[in-house]
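Please have the sequence and the model open side by side.

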Amino acid sequence: MQACMEMNFTELELSPMSQMRSANKKHGNIGDIELKEGQRIIEAWDAKFGKPYLYEEIGELCEKLDTYPGVEIAGFIVDKEANRSADILERLEDAKALTGTDIRIFNFSEWTEFKLKNVDGQSRDEFGRRWLTATIESFTRKRIDLAPIDEPCDGWLTDLINILRPYKINE
């Protein structure tokens, strides 16, 4: 989202992340990513690592949305293939009806495509560069105003290097 903000893909304001080990309820967050218009949260996304089945989390999201009326879209971003079994789809529909919020579950690729659906190829390339910069700078604590990560990120950086190594990026 930092890259989206830098490229003016949205007019909403990105809220700083809460500390990663903090419970969302304790800090009053809907999700890891929150976009606001003034004080009102318009959009919220919660990242889930290693947990594609989100039946209970959908219920918890409904509870949070009761506290924040007017959220237009919210949901989850998972690192694996999103589980869209019949019970999950039914729970999503019930949650949408209950809250009036468009609630979705995406994997990271689907979410990125959703956010960039109206962006052309050249802008997507620039977005990719900015996303990578924002990710690295967040992991190395150079963006603590938006991403106050207080965990050791060496492992994440090593994983990222190993993912990028086959591409032999020379910039």
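## Strand pairing

L14 has L35 of β2 as its bridge partner. The strands involved are β1 (residues 13-14) and β2 (residues 33-37), which pair in the antiparallel sense over 2 bridges. Here, two strands pair if DSSP finds at least two bridges between them. Helices (H or I, at least four residues) and strands (E, at least two) are DSSP runs, numbered from the N terminus.

On to the next neighbour: β2 also runs antiparallel to β3 (residues 40-48), and 5 bridges join them. In this pairing, E34 stands opposite A44 of β3. The hairpin of β2 and β3 has 2 residues between the strands, and G38 takes a positive phi near 65° there.

## How the model was read

This is a predicted model, in which local features need pLDDT of at least 70 and side-chain atom pairs count only at pLDDT 80 or more, while totals for chains, interfaces and linings use all residues. Residues are numbered from 1 along each chain as its sequence is written, and side-chain values use heavy atoms, with hydrogens and water left out.

## The chain as a whole

In total, the protein chain has 7 helices and 5 strands, arranged along the sequence as α-β-α-β-β-α-β-α-β-α-α-α. Its radius of gyration is 17 Å, close to the 16 Å from the globule rule for 171 residues, so the chain is as compact as a globular protein of that length. That radius is taken over C-alpha atoms, and the rule is 2.2 Å times the number of residues to the power 0.38. The C-alpha atoms fill a box of roughly 50 × 35 × 35 Å along the principal axes.

Buried residues account for 37% of the 171 residues; buried means under 20% relative accessible area, exposed over 50%, and partly exposed in between (1.4 Å probe, protein chains only). Of the contacts (heavy atoms within 4.5 Å) between residues at least 6 apart in sequence, 65% join residues at least 24 apart.

## Two loop residues with positive phi

Most residues other than glycine have a negative phi. N8, in the loop between α1 (2-6) and β1, has a positive phi near 60°. With 64% relative accessibility, N8 counts as exposed.

R141 also has a positive phi, near 60°. R141 sits in the loop between α6 (121-139) and α7 (154-164), and its 44% relative accessibility makes it partly exposed.
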